[in-house]
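Hi everyone, thanks for making time today. I'd like to walk you through one model, and please keep the viewer open while I talk.

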2 protein chains.
Amino acid sequence: MDCLIWTLSRLEKKQLFAKVRKECFVDCGQRLLNCYSFFSDLSLPFSSTLRLLTISQKQYRSVLSQFHDKNPKNDRTDSKGKEKILIGSLVAGIFGGYFYFYKQKNVAIAERKKTGFGAQARAGKFREDLPIYSLDEVDKHTANDNRIWVTYKEGVYDITDFIEGHPGGDQIMMAAGSSVEPFWMLYGIHENEHVYEILETMRIGNLSKQDQDQMTSDMDDPYANDPKRHVILKPASVKPFNAESPLVLLCENFITPNELFYVRNHLPVPDIDPKSYALEVEVEGHNRWLTLTLEDLKRLPRHTITATIMCAGNRRSEMTKIKPVKGLNWGAAAIGNATWTGVRLRDVLERVGVTENEEKLKHVQFEGADFDVAANNYGASIPLWRAVAARGDVLLAYEMNGVPIPRDHGFPIRVLVPGVVGARNVKWLTKVVVSEKESRSHWQQNDYKGFSPSTDWDTVDFKKSPAIQELPVISAICKPCDGDTVEVERGHIAVKGYAWSGGGQKIVRVDVSADRGETWHVASLDVQDSAEPPRHWAWTLWSVRVPVVGGSEEAEIWAKAVDSSYNTQPESFANIWNLRGVLGNAYHRVTVRLATPP
Amino acid sequence: MDCLIWTLSRLEKKQLFAKVRKECFVDCGQRLLNCYSFFSDLSLPFSSTLRLLTISQKQYRSVLSQFHDKNPKNDRTDSKGKEKILIGSLVAGIFGGYFYFYKQKNVAIAERKKTGFGAQARAGKFREDLPIYSLDEVDKHTANDNRIWVTYKEGVYDITDFIEGHPGGDQIMMAAGSSVEPFWMLYGIHENEHVYEILETMRIGNLSKQDQDQMTSDMDDPYANDPKRHVILKPASVKPFNAESPLVLLCENFITPNELFYVRNHLPVPDIDPKSYALEVEVEGHNRWLTLTLEDLKRLPRHTITATIMCAGNRRSEMTKIKPVKGLNWGAAAIGNATWTGVRLRDVLERVGVTENEEKLKHVQFEGADFDVAANNYGASIPLWRAVAARGDVLLAYEMNGVPIPRDHGFPIRVLVPGVVGARNVKWLTKVVVSEKESRSHWQQNDYKGFSPSTDWDTVDFKKSPAIQELPVISAICKPCDGDTVEVERGHIAVKGYAWSGGGQKIVRVDVSADRGETWHVASLDVQDSAEPPRHWAWTLWSVRVPVVGGSEEAEIWAKAVDSSYNTQPESFANIWNLRGVLGNAYHRVTVRLATPP
């Protein structure tokens, strides 16, 4: 991706930052409008303008030539250069806002740094043995022929030879001639000792003190407007906010209270005014579209379901023990069960003429109001058959457990695709596109996919795996937790947990063992909704009393679930390990100490 | 079940055998008609008559009293007794036909017996130390108050105290006062050393020589009219015929030729005249029904799919190695892939007013023309949602791979429920009933269900598990076979096989390891149809070249598949073992000897 952004000077970026940021960093509907007016002098539709942000140099020139044809009397002497500035600056401005972060890193990270351990603590520190460069100097190094430089805190680095091996691909070029810090804040994966070690191997100099100060001035924290959260939520990352509740609370209620429901945000939380909210629905290539306000949506038939949502990375922390993976270090609580009320997507699609009989169009793409440093909105898609299926129950939901969907969960509208991985349940929904193609978003194409245990970052080809949709069968022991001391009553201990399967499958059995699979005890399925496959969307809470060997001081408890297609969980993480740490549905195993009352 | 059959004398059974057998043991439609006329003097509808065969004594008396009300002038002096004879004789007659078997046991069994090993060889042999009884005497022992006796070859047994513990439940009472042999022929599970051992513990006497001869006279072999089969088919049982082709042939073609397609028969193969064939379609409790001839069916829109069918017991022989199970000893070839042409069940149901909007009725029951010794037709059911789903593709098929469905596979009509266990794909279909309830057949209620590994025949409760419908993901290595010697080429060996998953899921990856899971090699998915979930009904043929450790003489190859819901196979059979030996989808493992060319 030959993104334009690295051809712009720091000055150009800064000049237009305030204006772009002010006009664009609002809710998506409003933003579209504002940005359109901002770029109206280019006589290009806004969608084309947005597309410019990521097109190649060649495509860019072609669009510009169209522009010149349309504006022959444009009196700018260096219009080509200025347009480049304008367009590029939109991107620059949007991600410029993230610069402020490094002054505001969250307490946990700051504290870790205070301890001064390892590569992370040393990275970017002033080094007496290296020369000092100004930002302007760094800024000249944005292409291979003149080497590519970046900064991190006080350090200057030449990353030219690293680019090809960067696991995140060309995205790294966004930081060329500039600081990597906003990107690393956005993509938490970089916060890793190994990454800091690699970085320092590319160290070539120090950044001038004056420029360090300049970089931190007059910039906002895009996460400053995130909602307040309940303190019980245990963050896996703070910006963006990702958190789960304590596992032990999870199986206390069939319905997870909104405040305890795990939060999975990829980006800052948009703040959408429900009065000006508008949902665009489009049938690609058919010139059929529709715009619906929140009130319009609420006037359509109301539909309520109870459904579990789970993050593909739930239980990643167990998989990591086999071998490190890239992703948030989730425990087993990146899952929750709620009632969702809204309008059936199928009813909305019917209004643009898309029904179960549709043959050619295969996907429904969703776009959220949240967007990244390159102005890519969060996006995902699901197969069309699922969206229009009579028993598919795909919702555009406006209520969660009887109240308007909280901001963290997608206010005012989120997609609810029951039985399908959380990542496709797009929050802050602003656009629905029926298309022949899947969503082109990073999260559909290059993330949320499964791979063989022997596939690593050198061999991975994201094109070769399908995007995760329906999730496999899973279970977890919620109580006792790993390391707990448990009271033995008449030779037994009490165990409880959850089980769930994607695709509307029902849990038909949960087996629990306290002797490493020698004997299995069938758990009681305590709470389960009455729906049958293919519409069994909610999880099952289960409990069982398992005998333990008399006199033992410790027991390892295993749980595995079986769903209505009689699929069951794999035994261990070793053979399902994958580089992104998703789909971690091996047996859940907890080790507890046994206390026998006198 | 207080079945009437054991209240009849042997004489009564024999007297009516010939007539009932002649008139009833034909194709189902014809049989219904014949039997109706046979029982017309009772002025009862045939369905009630059939029901009489399994009702309780109390219900029986109630029906008889209705009959007397309707026939006040009946001049029979002992009409009650005679009706009992008539009704009971229908059953007796039907199963009487199986008596001839013990003269005709298949060669394999006979040869095993010649070797004279074990309990089976000793069972039923004349014993000098015990008294001799006549059949009439045995026949008096048909109820608990007078003890319950049965015969096996020359032996007489008192089974009164065993009945409660009989794994097959009350079915055993069918043999009270008579021989168990026809039942044991029908239910091959009895051919087991352990069963013969138990039998001999109940031995009380010998059967008179004269009666032994009498039992074998003038009776037909109900399997005599079974079709001829290709010699390549390797039988798991001969009567009924169950057989698979050699595994190595299976992955040679995406489409399995009809002659090599595994055969799973529960009973003798009906011989149906297509000209008189009639399919009854009924909506229970709604007085809506329809009768369709074969020509009627063929006039409905024609639909073709490519779909794999698999027996729930495929790969049972591997599970048995953990601990014995009850069921046919299938290898990994009780599976096949074919094109099926017929009419959509959904189109047929629409004609009786059942559509996707149906709320109350939940199941579609199927009945085959094949029936057991108690005149129970083979039956099964599927959920209604599946039958009417737009993308469900459930067929009433009349062609298999472009020709009329062969007799072994259900001529003239079989149900094809793609993605669902073979047992629901009812052959020789004669009846479709849309109902609030599942099929009440033994095969739906007390068979083809999964259980926990710790559930045994003492603790099993068939009501607690759902009938298997969609099957879990599975794979098998077809080449090399276990024990083969394989040539090593440049450090690699070639491996190929099949993979499949139920419910329309697609195979997205097959991983193969030759070092016990240390490294996994992603197989090439060589043949796969282009359909996407939820309509991906056909299997996937795969191949891979796997490196082996230099200098090794042996390698253990493992294969596991991943489907589009990212469900994967469990590692070993130990933790999925179940007493019926179904759902055996653990990793497939074969051990081969390695030959390195000089």
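Let me begin with a term: I call a residue buried if 20 or more other C-beta atoms lie within 10 Å of its own. On that count, 49% of the 598 residues of chain A are buried. Please keep in mind that what you see is a predicted model.

So, how far do we trust it? The average pLDDT of chain A is 82, and 78% of the residues score at least 70. Residues 1-116 of chain A are another matter: the pLDDT there is below 50, although this stretch has 149 contacts in the model beyond near neighbours in sequence. Where pLDDT is low, predicted coordinates should not be read in detail. For the complex, the predictor gives an ipTM of 0.74 and a pTM of 0.74.

On to the fold. Chain A holds 17 helices and 27 strands. If you take the contacts in chain A between residues at least 6 apart in sequence, 72% of them join residues at least 24 apart.

Now the pair of chains. How is chain A laid on chain B? A turn of 180° with a shift of 0.0 Å along the axis does it, with an RMSD of 0.1 Å. The two copies are therefore related as by a two-fold rotation axis. In chain A, the C-alpha nearest that axis belongs to A:Pro570, at 2.2 Å. Both copies use the same surface, as 100% of the contact residues of chain A recur in chain B.

And the interface itself? It brings 39 residues of chain A into contact with 39 residues of chain B. On the chain A side, strand 22 (residues 507-513) gives the largest share, three residues. Sorted by class, this side of chain A has 19 nonpolar, 13 polar and seven charged residues.

Let's move over to chain B and look at some sheets. One is an open sheet of five strands in the order 20-27-26-22-23, with mixed pairing. Which strands stand at the edges? Those are strand 20 (485-487) and strand 23 (521-522) of chain B; each has a single partner strand, so one side of each is left without a neighbour in the sheet. Strand 23 of chain B runs antiparallel to strand 22 (residues 507-513) of chain B, and two bridges join them. There, B:Asp511 has B:Val522 as its bridge partner.

Strand 25 (residues 540-547) of chain B is worth a look too. It pairs with strand 21 (residues 492-500) of chain B in the antiparallel sense, over eight bridges, and B:Val495 has B:Val544 as its bridge partner. Strand 24 (residues 524-527) of chain B is also antiparallel to strand 25, joined to it by three bridges. In that pairing, B:Leu525 stands opposite B:Trp542.

One last stop, B:Ile322. You'll find it in the loop of chain B between helix 14 (316-319) and strand 12 (335-344). Why does B:Ile322 count as partly exposed? Because 17 other C-beta atoms lie within 10 Å, and the partly exposed class sits between 12 or fewer for exposed and 20 or more for buried. Setting aside neighbours within four places in sequence, B:Ile322 is in contact with B:Phe573, B:Ala574 and B:Trp577. By contrast, B:Pro268 is 54 residues away along the chain, and the two C-alpha atoms, of B:Ile322 and B:Pro268, are separated by 32 Å.

Methods
Residues numbered from 1 in each chain as written. Chains lettered and ligands numbered in written order. Predicted model: local features only at pLDDT ≥ 70, side-chain atom pairs only at ≥ 80, totals over all residues. Helix = DSSP H or I, 4+ residues; strand = E, 2+ residues; numbered from the N terminus. Contact = placed C-beta atoms within 7 Å. Nonpolar A, V, L, I, M, F, W, Y, C, P; charged D, E, K, R; others polar. pLDDT = per-residue confidence, 0-100. Least-squares fit on C-alpha atoms with pLDDT ≥ 70 in both. Pairing = 2+ DSSP bridges.
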